[in-house]
Amino acid sequence: MSKFSILVNRERPLPKGCIPQNLTEPAIPFQAPPGDAKRLLVREAAAAAEKLFARAREEGLCLCGISGYRPYTRQSELYRAALAKNTSMTAVAPPGCSEHQTGLALDVSCPSEDYELEETFALTPEGKWLNTYASHFGFILRYPKGKESVTGFPYEPWHIRYVGDPLALYLSLTGLTLEEYYLL
Ligand SMILES: [Zn+2]
């Protein structure tokens with residue numbers, strides 16, 4: 001098991017003090033302003049994201065980074081805000097349960113979606129390309145449609161997770177989620 005295959009979900013939260021090492025900013029377009037922690041990823045994930053985005057650009061596609069690393073404290077704020085607004089609890093992970101805390105997850109969108117994170121992203125050329133090619137760059141679409149009861153999260157075609165090359169290809173070919181992989 002590599003350090004990139006860590007399983008984080010509602011049953012397996014990260015401790016508050018868990019802060020990834022080697023956070024760095026990939027050279028990709030971001031909606032978040034310079035200096036925002038959202039622009040950070042673990043070094044290897046950042047390098048892979050640069051390759052993924054560069055290939056997409058060659059295909060004439062406009063992927064844009066929305067949110068990468070998220071500290072425990074920020075997730076805590078989001079969760080409290082969602083509780084106050086009565087937002088569906090399935091949509092916002094409790095603190096420690098978001099894999100954005102690992103620095104290995106990245107939310108992406110595109111101009112035609114107004115940089116929003118919506119299911120309709122899956123229907124855009126960018127979303128379709130990402131669904132097909134993310135695994136060639138070490139990423140998986142972590143929350144697929146139809147696996148909501150397995151992952152504990154709604155369908156999120158915009159959320160990619162770096163797991164490294166061999167595992168990404170394996171999961172893509174088998175259609176398994178990370179949870180199912182660990183149950184094998
Ligand atoms: Zn996400």
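This is a predicted model: local features need pLDDT of at least 70, side-chain atom pairs count only at pLDDT 80 or more; totals for chains, interfaces and linings use all residues.
A pocket, as the word is used here, is an open set of grid points where a 1.4 Å probe fits, with protein on both sides within 12 Å along at least five of seven lines, and its lining residues have an atom within 4 Å of a point.

The largest pocket has a volume of about 770 Å³. Its lining comprises 33 residues, and those nearest the centre are Arg-70, Leu-78, Ala-91, Asp-107 and Leu-117. Strand 3 (64-67), helix 2 (72-85) and strand 6 each give at least two residues to this lining, with helix 2 providing the largest share, six residues. In terms of class, 17 of the lining residues are nonpolar, ten are charged and six are polar.

The second largest pocket holds about 350 Å³ of space. It is lined by 22 residues, and Asn-131, Ile-140, Leu-141, Arg-142 and Pro-144 lie nearest its centre. Two or more lining residues come from each of helix 3, strand 5 (139-143), strand 6 and helix 5 (165-174). Of these elements, strand 5 makes the largest contribution, with five residues. The lining of the second largest pocket divides into twelve nonpolar, six polar and four charged residues.

Attention now turns to the packing of nonpolar side chains. The largest nonpolar core contains 27 residues, and within it Leu-52, Leu-106, Leu-130 and Phe-139 have the most contacts. At least two core residues are supplied by each of strand 2 (41-42), helix 1 (43-58), strand 4 (105-109), helix 3 (125-133) and strand 6 (156-162). Helix 1 accounts for the largest share of this core, namely seven residues. A second, separate core has seven residues, including Leu-7, Ile-140, Val-163 and Ala-168.

The aromatic pairs complete the picture. Seven of them are found in a search of the whole structure. In the pair formed by Phe-4 and Tyr-162, the ring centres are 5.2 Å apart and the planes meet at 70 degrees, so the arrangement is edge-to-face, given that angles over 60 degrees fall in that class. Because Phe-4 lies in the segment before strand 1 (23-24) and Tyr-162 in strand 6, this pair ties together parts that are 158 residues apart in sequence. Both partners count as buried, for which the cut-off is under 20% relative accessible area: Phe-4 has a relative accessibility of 13% and Tyr-162 one of 10%.

Trp-129 and Tyr-133 form another aromatic pair, with 5.3 Å from centre to centre and 35 degrees between the planes, which is a tilted geometry. These two residues are four apart in helix 3, so about one helical turn separates them.

Key: Residues are numbered from 1 along each chain as its sequence is written. Side-chain values use heavy atoms; hydrogens and water are left out. A nonpolar core is a set of buried Ala, Val, Leu, Ile, Met, Phe, Trp, Tyr and Cys residues joined through side-chain atoms within 4.5 Å. Buried means under 20% relative accessible area, exposed over 50%, partly exposed in between (1.4 Å probe, protein chains only). On a 1 Å grid over the protein atoms alone, a cavity is a set of points where a 1.4 Å probe fits but cannot get out, and a pocket is an open set with protein on both sides within 12 Å along at least five of seven lines; lining residues have an atom within 4 Å of a point. Grid points are joined across faces, edges and corners, and a volume is the space filled by probe spheres set on the points. Ala, Val, Leu, Ile, Met, Phe, Trp, Tyr, Cys and Pro count as nonpolar, Asp, Glu, Lys and Arg as charged, and the others, Gly among them, as polar. Rings of Phe, Tyr and Trp (its six-membered ring) pair if their centres lie within 6.5 Å; planes under 30 degrees apart count as stacked, over 60 as edge-to-face and the rest as tilted.
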